Amino acid sequence: MKLDAKIPAGPLADKWNNHKAKMRLVTPTNRRRYHIIVVGSGLAGSAAAASLAEMGYEVSCFCYQDSPRRAHSIAAQGGINAAKNYQNDGDSVRRLFLDTIKGGDYRAREANVYRLAQVSTSIIDQCVAQGVPFAREYGGLLANRSFGGAQVSRTFYARGQTGQQLLLGAYSALSRQIGAGTVKMYTRHEMLDLVLVEGQAKGIVTRDLVTGEIKAWASDVVVLCTGGYGNVFYLSTNAQGCNVTATFRAHRRGAGFANPCYSQIHPTCIPVHGEDQAKLTLMSESLRNDGRVWVPKNSADCAKPASEIPEEARDYFLERKYPSYGNLAPRDISSRAAKEVCDEGRGVGQVVDGKRLGVYLDFSAAIKRLGESAIRERYGNLFDMYENITGENAYRQPMRIFPAVHYTMGGLWVDYNLQSNIPGLFVGGEANFSDHGSNRLGASALMQGLADGYFVLPYTVTDYLAGVGLSGRPSVDRPEFKAVVKEVEERTHWFLNNNGNRSARSYHKELGKIVWEKCGMTRDKAGLEGAIRDLQALRDDFWKNIKVVGAGNQLAPELERAGRVADFLDFGIMMCLDALTREESCGGHFRTEYQEAGEAKRNDDTFAHAAVWEFKGEGNLPKRHTEPLTYEEVQLTTRSYK
Amino acid sequence: MVKPSEQSSHDSERTLALRLRVWRQLRGGEGHFEEYSLAAVPVSASFLEMMDMLNEQLIREGKDTIAFDHDCREGICGMCSMTINGMPHGPIPGVTTCQLHMRNFRDGETITVEPWRARAFPVLKDLAVNRSAFDKVIQAGGFITVRTGSAPEANNTLIPKPIADEAMDAAECIGCGACVASCKNGSAMLFVGAKINHLNILPQGQPERERRTLAMVKTMDDAGFGNCTNYGECQAHCPKGITLDVIAKLNRDYLRARVKDFFSSTGKARKGGE
């Protein structure tokens, strides 16, 4: 596997401009002769499809939801970062770049991250022009807030629904192109495979989820913006339909998958309430500004109501361990600390699977200090949401929270142009691995999705198309397409006819438990080795005993689920293998063997690289390759929040 | 298994036995209700988790599962769409189906579950309907034309906070279609009004204000949505609190656009307002 990052020469600050000036162009009259497939309609996908269509290309966009407006970008609450320095507090492109590199624990590519910080300012301009109703000050200027422990206020927001408003902006741009006939939109279509012709990505195979039709589509280039793989854990804050199939199928066709072990755990989610739970709900991290996190000092107190546990019997463990950051310690650190106290048997709330997995987030001190109305004004909607889900009033008793999987930093390997190692296959947004290293900062996911979609892919895809020439698009009658269609049809037929006895959901739950236990907030060698064995056994069992009800020519949710779980099982093995072979701790990847005084211990000499996995055939373990990360501008330091 | 918590404030120990009357329909076929019994539903489960339990029970019995739309399960994507006991998104105001929890139902209760019922939203299977008519309305004009990369500096346009807040109120619409499903006329005026209000009051939305309004209303009418007769069911069932005044403002903007169109020399043909 050849991994050439293609980072342009020259000073860091000039790389992107120099590169843009050198990239090839396609004349306007020729653009309509190129067909671009975009899979996914979230921030990255909608923005890329709209921008490319506006330039004059013929674009087809696919999503599994009933409308492009429903992609899971919509659920982001907090905000979007941009180095506008509107608050006059010393922000700059360079500072946003440095914060992102450090936040990623020095496992991201310098050049990509710098470009992200550079284009961040254009994103805000673009969104405001589209009518995105960002929060404003009384003078009519845009408002900002500080987010995720940043020292500057660079986060733009639209109430608690920034993701929704940005997605509706991108969706409106996409809708304009659909209305103009330049984008053909295929909703309720799931990409089930990638088609390569002579080593280049030239199309996809989809299943129409309504009619069941399996169909091949040819194009000059394929752009995947299909999101992350957080649902490998079964319970996560992702939408139910989020899956790894598009990127994993591309991986099986030869695309390298980078850093699958990097996943982000968000500390403030509502705890699991029972075995039948299908989804975890995140509550804004802003709650930690006024809530104090604690558990009982003594595990015997855990079953008592919080009100019966006196002050001196409470352990405010974040304030105790991290006196300077306290309850605002970064996401990964707060999450691990909560897991630790629960593993010690000091968790609170319901007993699920023999454990109490929850810690208190207590607002009583803040209510005493500021009054209930002030707290209601700040967090009223969150308290309502919490009560709606749990039936508990957080003004009267502490909230219970626990960490949950929220975002995945790994993804398909891409070069500086966001092109994978398969020529003609581009990857944007959470689906690629490019910008967040081993940990993502708050309010940076929206920034990356839109940066890729609006301001990077339109240039780099054009450069690629200029190189392939006008005879690039093959016919779907070619044997390469027919072979892939046949494979997809056979797999679908097999699922519908296998006379098994276990539902896809039950496999998914078991998979989720294994990876959450062994490859979640903390990992170790023995656990990961055991997980790989368990997953291989589970995978074998799946391919014998899976039961899929429904018909192939109707909406068939069980068929969809079975295909996604099948890919998650293979993916889970690769994820554990990646965690096993990265013998260090960094960001969201915490190996208990590699720590210093309880904190993550990086090994920059051996592991300052991206690990990129190559598919080696059905049932075989993938092969590890590396792309070294070289730092010219930043000094590698240890993150400390004590 | 969930063990009862000693902490009395948690209601995890309570479970419900339910009877469910669920609409079943194959694509292209006639629909009918089927009855199911489901035991041991924890009151802490969401309505859709209850439906998941029912589907797992159907799989064990070798029967086809009930198809329903759902995705984010946190009340923002707008995909879930069930009419529960005759009410879109169920009995609790201000929540989507996915945010409805079983503690709002009684042990032994019979719950009737139907798809959105509206001419413009044909049933695809069971509880899933086709809402692409909403997308078509947006494609006709629910946008501000701005080329990628051509936007002016964001703070060049001052927007008074009350205007920005009003636009945001309207922009909270999640496009779920409960307004249409709850309306006896199957009207989409609340949905269209919300989008028109969001864009038509912002300075950026002014250049296309009339064109947008006429095109969206025409597409709405062509898609088979009914007219508004001020019953207000849409407002009562909107999970995001969109209020009827967006319809009043839509009517005002539509009238304004028609008048302008009538007196404009380049009028109807170019703007497609008739």
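**Chat notes: burial, domains and the A–B contact**

Reply: Starting with Val223(A) in this predicted model: Val223(A) has 32 other C-beta atoms within 10 Å, and 20 or more count as buried, so Val223(A) is buried.

Me: Which element does Val223(A) lie in?

Reply: Val223(A) is part of strand S9 of chain A, residues 221-224.

Me: What does Val223(A) touch, leaving out residues up to four places away in sequence?

Reply: With those left out, Val223(A) touches Ile36(A), Ile37(A), Val38(A), Ala48(A), Phe426(A), Gly428(A), Leu457(A) and Val461(A).

Me: And how many residues apart in sequence are Val223(A) and Ile36(A)?

Reply: They are 187 residues apart in sequence, and 7.5 Å apart in space, C-alpha to C-alpha.

Me: OK, domains. What does the assignment give for chain A?

Reply: Domain 1 is 12-25 + 34-262 + 409-468, domain 2 is 268-403 and domain 3 is 479-609.

Me: How many residues of domain 1 are in contact with domain 3 in chain A?

Reply: 38 residues of domain 1 of chain A are in contact with 38 residues of domain 3 of chain A. The C-alpha centres of these two domains lie 24 Å apart.

Me: Which elements supply at least two residues on the domain 1 side?

Reply: On the side of domain 1 of chain A that touches domain 3 of chain A, strand S6 (189-197), strand S7 (200-208), strand S8 (214-218) and helix H7 (245-252) of chain A each supply at least two residues.

Me: What follows H7(A)?

Reply: Gly254(A) follows H7(A), and the phi of Gly254(A) is positive, near 120°.

Me: Different topic. At what angle do H13(A) and H16(A) pack?

Reply: Helix H13 (residues 479-497) and helix H16 (residues 557-581) of chain A pack at about 115°, and their axes are 10 Å apart. That angle makes H13(A) roughly perpendicular to H16(A). The crossing of H13(A) and H16(A) is right-handed.

Me: Which residues meet between H13(A) and H16(A)?

Reply: From H13(A), Thr492(A), Phe495(A) and Leu496(A) meet Leu559(A), Ala562(A) and Gly563(A) in H16(A). That contact has 4 nonpolar, 2 polar and no charged residues.

Me: Now the chains. How many residues of chain A are in contact with chain B?

Reply: 72 residues of chain A are in contact with 77 residues of chain B. The elements giving two or more residues to the chain A side include helix H3 (43-55), helix H5 (110-130), helix H12 (445-468) and H16 of chain A.

Me: Which element gives the most to that side of chain A?

Reply: H6(A) gives the most to the side of chain A that touches chain B, with 9 residues. The residues of that side divide into 27 nonpolar, 29 polar and 16 charged.

Me: How is chain B divided?

Reply: Chain B has domain 1 (15-125) and domain 2 (131-271). Their centres, taken over C-alpha atoms, are separated by 31 Å. The contact takes 18 residues from domain 1 of chain B and 17 residues from domain 2 of chain B.

Methods:
Residues numbered from 1 in each chain as written. Chains lettered and ligands numbered in written order. Predicted model: local features only at pLDDT ≥ 70, side-chain atom pairs only at ≥ 80, totals over all residues. Axes fitted to C-alpha atoms, helices over the stretch in contact; angles between N-to-C directions. Helix = DSSP H or I, 4+ residues; strand = E, 2+ residues; numbered from the N terminus. Parallel < 35°, antiparallel > 145°, perpendicular 65-115°, else oblique. Left-handed = near helix turned anticlockwise from the far one by under 90°. Contact = placed C-beta atoms within 7 Å. Nonpolar A, V, L, I, M, F, W, Y, C, P; charged D, E, K, R; others polar. Domains from an automatic or database assignment. Buried ≥ 20, exposed ≤ 12 C-beta atoms within 10 Å, placed from the backbone.
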